[in-house]
Amino acid sequence: MPIPRSSYLPFGRPSFTDDEIRAVTRVIESGWVGTGPETLKFETELAEYLGARRCVTVSSCTAALFLSLLVEGVTAGDEVVVPSLTWCSTANAALYLGATPVLCDIDPATLCTTTDSVLDRVTARTRAVIVVHYGGRAVDVAELRSNLPERVAIIEDAAHAMGASYPDGSLVGSSSNLTCFSFYANKNISTGEGGAVALPDNDKAERIRSLGLHGLSSTAWDRYTDPTALLRTTEIVELGYKMNYTDLQAAIGRVQLRRLGEMSAIRERIANRYIERLDPSRTGIIFQDGCSERSHARHLLVIRVQKNKYAMNRDELLLSLRSLNIGAAIHYKPLHQEPLYSQYSAANGLPNTDLVADEILTLPISASMDLEDVEYVTAQICDLLRLEPVVDDLEVDQPVDPS
Ligand SMILES: Cc1ncc(COP(=O)(O)O)c(C=O)c1O
């Protein structure tokens with residue numbers, strides 16, 4: 001009988017150090033913990049890193065997607081094309097505005113939309129497309145842009161894709177589209193919760209900031225630092241929301257951004273070790289097609305356990321791994337299989353999404369894991385699926401120091 005791990009290994013876990021703790025302490029001691037100077041510094045540093053003109057932080061990627069559609073002019077009656085294989089936030093953003101999400105298919109190798117799978121769903125009512133850089137694998141948005149009518153906006157759901165790059169090598173977030181990031185607990189940069197929109201347009205950036213804070217024309221920090229702002233300019237310009245980010249979060253985000261290179265390198269090593277140990281040419285296990293090295297942020301490590309091929313199917317494998325304290329997961333049950341979204345699937349269906357839906361399995365990956373964790377997980381998978389383990393010429397490294 002295999003021995004379960006003594007501690008649970010989640011599919012994703014943040015990596016924090018004393019530097020994040022010191023940064024939060026500094027902000028607490030400053031007396032200003034809401035949206036303020038730390039938030040502005042984080043936005044500037046993030047924009048610089050991404051090569052974006054502007055970054056505006058908000059309370060979540062869900063909020064970022066909603067506000068992006070809003071400033072792109074999406075309104076009731078419009079159609080928004082989104083993949084079915086995504087988290088509900090992507091499509092919910094359209095529903096919040098009274099628009100209709102139109103679910104599209106993916107390429108079974110990349111698990112991402114293709115230009116053709118999007119175009120297949122574009123109609124005269126299409127106002128926007130949200131592409132999802134699923135798992136951290138960048139979609140070719142330049143190719144999509146050159147094939148889409150001009151009236152159709154592209155929004156990028158980059159919740160998984162901090163640090164990923166497009167086929168031309170530039171970072172996801174540096175394109176001309178509104179690109180939405182998540183800083184949720186398990187994301188590549190985590191601040192517990194939070195999100196940001198990277199974009200090239202100053203006016204849209206200011207509108208997103210205002211809409212995220214009641215539709216006000218100034219922030220509390222503006223009014224605190226400049227009393228004339230209080231007398232002169234504090235106006236409620238339009239109906240806004242309460243979706244702002246805080247300096248406590250930004251303090252963590254600034255440190256996480258500085259550590260991103262080192263954390264991404266750990267993710268890359270972990271992913272490579274999975275591929276070596278579950279060598280697709282020997283096991284037949286299909287890994288998400290990662291394309292060239294820099295283009296994948298390695299947020300999710302997704303494999304496909306093909307039906308009728310192994311001693312166990314995907315669901316049995318997931319349950320067995322869980323009983324060993326390995327936090328395997330599923331990203332995602334496709335939206336068209338959910339009660340809320342079943343009505344948004346087109347008549348010609350989503351054959352590739354249906355094909356992979358019962359096969360995809362997310363294995364643990366994070367910057368707080370080490371290679372010993374991968375050795376354990378892959379050994380258990382080989383055992384459970386009755387695969388010949390790949391143990392030969394690989395050095396068993398020392399654990400990666402995540403600090
Ligand atoms: C693809 C995708 N889009 C959007 C989101 C929403 O992110 P948040 O939790 O920051 O709202 C998630 C969250 O995991 C996600 O996976």
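Which residues form one aromatic cluster with Trp32? I found Trp221 and Tyr224 in that cluster.

Before going on, I noted that this is a predicted model, where local features need pLDDT of at least 70, side-chain atom pairs count only at pLDDT 80 or more, and totals for chains, interfaces and linings use all residues. Residues are numbered from 1 along each chain as its sequence is written, and side-chain values use heavy atoms, with hydrogens and water left out.

**Aromatic pairs.** I got 11 of them in the structure. Rings of Phe, Tyr and Trp (its six-membered ring) pair if their centres lie within 6.5 Å; planes under 30 degrees apart count as stacked, over 60 as edge-to-face and the rest as tilted. I checked tryptophan 32 and tryptophan 221: with ring centres 4.8 Å apart and planes at 70°, they are edge-to-face. This pair links distant parts of the chain, 189 residues apart: tryptophan 32 sits in the loop between α1 (18-30) and α2 (37-50), and tryptophan 221 in helix α8 (residues 220-225). Helices (H or I, at least four residues) and strands (E, at least two) are DSSP runs, numbered from the N terminus.

Buried means under 20% relative accessible area, exposed over 50%, partly exposed in between (1.4 Å probe, protein chains only). Tyrosine 341 is buried at 2%, and tyrosine 344 is buried at 18%. Glycine 192 is partly exposed, because its relative accessibility is 33%.

**The loop.** Glycine 192 lies between β6 (178-182) and β7 (195-199).
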